[in-house]
Structure formats: C-alpha cells, structure tokens
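Work through the exercises below with the structure in view. Try each task before reading its solution.

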Amino acid sequence: MRKNKKGAEKIISVYWFAILFIVAGAMVYMVSSFYGKPYDVREIEAGLLSDKAAECFSYAGYLKEGVLVQTFRENFLENCGITFETEDTYGWGEEAQYFLQANVYDFNTYPETSPLFSFSDGNTNLQNFCNIKGENSPICLEREIYTLDKEGNQYTIKITSIIRKTEKNA
C-alpha cells in the first residue's frame, strides 16, 4: 500500500513560513530598537571630563607639584590636555557645549572659606540648567576629591563638569 505524503508536506511548509515570519519580525524589531534612538553618552563624557581634571590635580592621593601657582591656572586646559572642540554637525558654531569648573579648598576650612585655586572655562550659561531635569537638559556632574601635599596639608577639590550636546544625544 502506498501512502500519500503530500498533505503532510503542505502542513510543514505552513509552519516553516510562520517561523520565517517570526524570525524576520524579531530581527526588524531588534534593528529598529538598536538604531532607532542614539545613545546618550553625555553622563559618561561628563565623568571622563571630571576624571581628566582630577588627574591633573592629584596623583596617587597627593597634590601634584605646581598646581596652585598662577601659571598653572592660566594654562589649565593645555596643562591637562583638555579641549572643548566639537564637531559643527548641528550648527553649534562657536557655542561651547562644555563647562568645567575646578576649585581647590583647604580641607579644614571647607566650605566656609573661598577657594585657594579656582578655574572655570566653557559655556557658563550651562550652570543655570543644572537643577532642571529632563531629556533635553544638560548633564551636570559634581565630584569632590580629597588629596594631600608633601607637607601633609589636606585639600578638597570640587570639580563640576557639564555637557550639553542635547541635539546629538538626547
């Protein structure tokens, strides 16, 4: 006796096409969710900017030589290897997308006294938006580090870094 196996093959082909459509739909969903919205790396970038400034002040817990002198303050960005240059893809032009502020205080009198060393550069208008939460707000990051000099004097270094770049990342 011969059995007709053509019906079984038709049923299997329906399942085969259903599986193909499910896999194709999953691939389209994954690709669209991956490439649909840019990654917001501003918080990581603000952390890297703060870390770079902290490295400029302190190494292995000790204040670097010559940090508190006037010439270091005048050439802070060059001494630390920091640049605020950005691409002009979104028509930013000369408007800075970054702000960096660093203040060095005597540990024993902090925060009552004025800083021993103060530096700020970049777009100062970005400071006004630090308390505003939202997708199109700049990312603000404040860090404090503690360090010693060779004589054992203690210092508090407060670093504020702000990254705007809302058109690109938000």
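Predicted model: local features only at pLDDT ≥ 70, side-chain atom pairs only at ≥ 80, totals over all residues.

**Exercise 1.** Which residues do ring pairs link into a cluster?

*Solution.* Start with the source. Residues are numbered from 1 along each chain as its sequence is written, and side-chain values use heavy atoms, with hydrogens and water left out.

Next, the rule. Rings of Phe, Tyr and Trp (its six-membered ring) pair if their centres lie within 6.5 Å; planes under 30 degrees apart are stacked, over 60 edge-to-face, the rest tilted. The count is 11 aromatic pairs. The cluster joins Phe57, Phe72, Phe76, Phe117 and Phe119.

**Exercise 2.** Classify the pair of Phe72 and Phe76.

*Solution.* Now check burial (buried means under 20% relative accessible area, exposed over 50%, partly exposed in between, with a 1.4 Å probe and protein chains only). Phe72 is buried at 11%. Phe76 is buried at 0%.

**Exercise 3.** Why is the pair of Phe84 and Tyr98 stacked?

*Solution.* The ring centres lie 5.5 Å apart and the planes are at 20°, so the pair counts as stacked. Phe84 sits in the loop between helix H4 (76-80) and strand S3 (98-106), and Tyr98 in strand S3, so the pair ties together parts 14 residues apart in sequence. Helices (H or I, at least four residues) and strands (E, at least two) are DSSP runs, numbered from the N terminus. Both Phe84 and Tyr98 are buried.
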